[in-house]
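Subject: Handover of a structure

Dear colleague,

Please find the structure below for your own study. My notes on what was found in it follow.

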Amino acid sequence: MYRPQLFVAAIILAGCSQQPVWISTPPKVLCFEHADKGCLSELIAQNVGAEQPGPNQLKSFRYTRAVMASAGIDEPSSLRLLSADIGKVMCIIPDTDFVLAGQEVERAKQKNFDVAIRNALGIHDEDAKLFALAHIATFASRANDEGAIGKTLSILNQEDKAAYMEALQSRLVTLLAIGDLERAKSLQELLLSFYTASPDNTMAIARVAISYVTAGHVADANEFLRNASFQVPELRTEDVARLLSIMVNAAKGEHPSPQDFYDFSSDEMRLQAYVQLALFYERSGNAGLSRKTSSDLSRFVQKSSLKVGRAATAQALSRVLIETY
């Protein structure tokens, strides 16, 4: 039976009618194909700008200035516009010290630790100084510079216990990489003792296991998680198991598929999976896969249904920008 409507459809599909513009227009997504410093910085600034106006947003804004300096890049236009907007409703505390802090982190990336630490100690703003020292400690641990590690950890231990423990996480990765298993075991126990007494500790403890996984000690990671889960039952969730599985496969040279990330029930855990994977690839010397993961992360945080706060999103992107570029 002849159906004229099918004939019309065939003509349209054959190209006799122009297709809608939206079909061929590139998606308006930052870092869609390649995640470079510029698009990541813009994405961070947009997330900070979307935070609820007030003291917390101002704090995020100041730290973001340090992040940009740490990455050695010019501040995006949206960050400058945000500064003007914040200035209309509240007095902005001078943030020159945060820029200085970021510059010393950038210096530490070049392994000029003595100068970076000396300059960081001369920063007057306490928060900016601790920002610099915490990130200097990370790069000192990565370089296994015992002198710089000792100096920064000693100061952080006295002035900011949370930053101190975060720096010890980086130290654990290095100890495992060089095969110093005895000190790594002691550090593992210290980290577990601290984080079990802390709120929102699941991811911090999972990162200890990730350190063992990516160093090739999968059995030790599983044993650690089993013991830790008696104190923190949230470690027994499928999302934690899925995260560890992704990292195990990455350590074996098997890059995870998109489906591996879709299976997470929590957007927060999926966000952290991208971050941990990008960091792992960077530490392993695989900049190509680290950049690919950063691009995947960037597209993920721009989805309209994302169930992660703006501040947490900006923090995740900032860590990737500082530590992998």
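E126 is partly exposed, with a relative accessible area of 37%. In these notes, buried means under 20% relative accessible area, exposed means over 50%, and partly exposed lies in between (1.4 Å probe, protein chains only). This is a predicted model, in which local features need pLDDT of at least 70 and side-chain atom pairs count only at pLDDT 80 or more, while totals for chains, interfaces and linings use all residues. Residues are numbered from 1 along each chain as its sequence is written, and side-chain values use heavy atoms, with hydrogens and water left out.

Helix α8 comprises residues 126-143. Helices here are DSSP runs of H or I with at least four residues, and they are numbered from the N terminus. From its first C-alpha to its last, α8 reaches 26 Å, close to the 26 Å expected at 1.5 Å a residue; the expected span is 1.5 Å times one less than the number of residues. The helix is mostly covered, as 14 of its 18 residues are buried. After α8 comes N144, whose phi is positive, near 55 degrees.

**Salt bridges**

Side chains of opposite charge can pair when their charged atoms come close. A salt bridge is a side-chain nitrogen of Lys or Arg within 4 Å of a carboxyl oxygen of Asp or Glu. The whole structure contains 21 of them.

E126 forms one with K129, the closest N and O atoms being 3.4 Å apart. Because these two residues are three apart in helix α8, about one helical turn separates them. K129 is buried, with a relative accessible area of 11%. K129 also meets E159 in a salt bridge (3.5 Å, N to O). K129 lies in helix α8 and E159 in helix α9 (residues 146-159), so this pair ties together parts that are 30 residues apart in sequence.

In helix α6, K109 and E106 are likewise three residues apart, and their salt bridge has its closest N and O atoms 3.7 Å apart. K109 is buried at 17% relative accessible area, whereas E106 is partly exposed at 22%.

**Two loop residues**

Which residue lies in the loop between α2 (21-24) and α3 (37-49)? That residue is C31, and its phi is positive, near 60 degrees, although it is not a glycine. C31 counts as buried, at 5% relative accessibility. K111, in the loop between α6 (96-109) and α7 (113-121), has a positive phi of about 70 degrees. K111 is exposed, with a relative accessible area of 59%.

Yours sincerely
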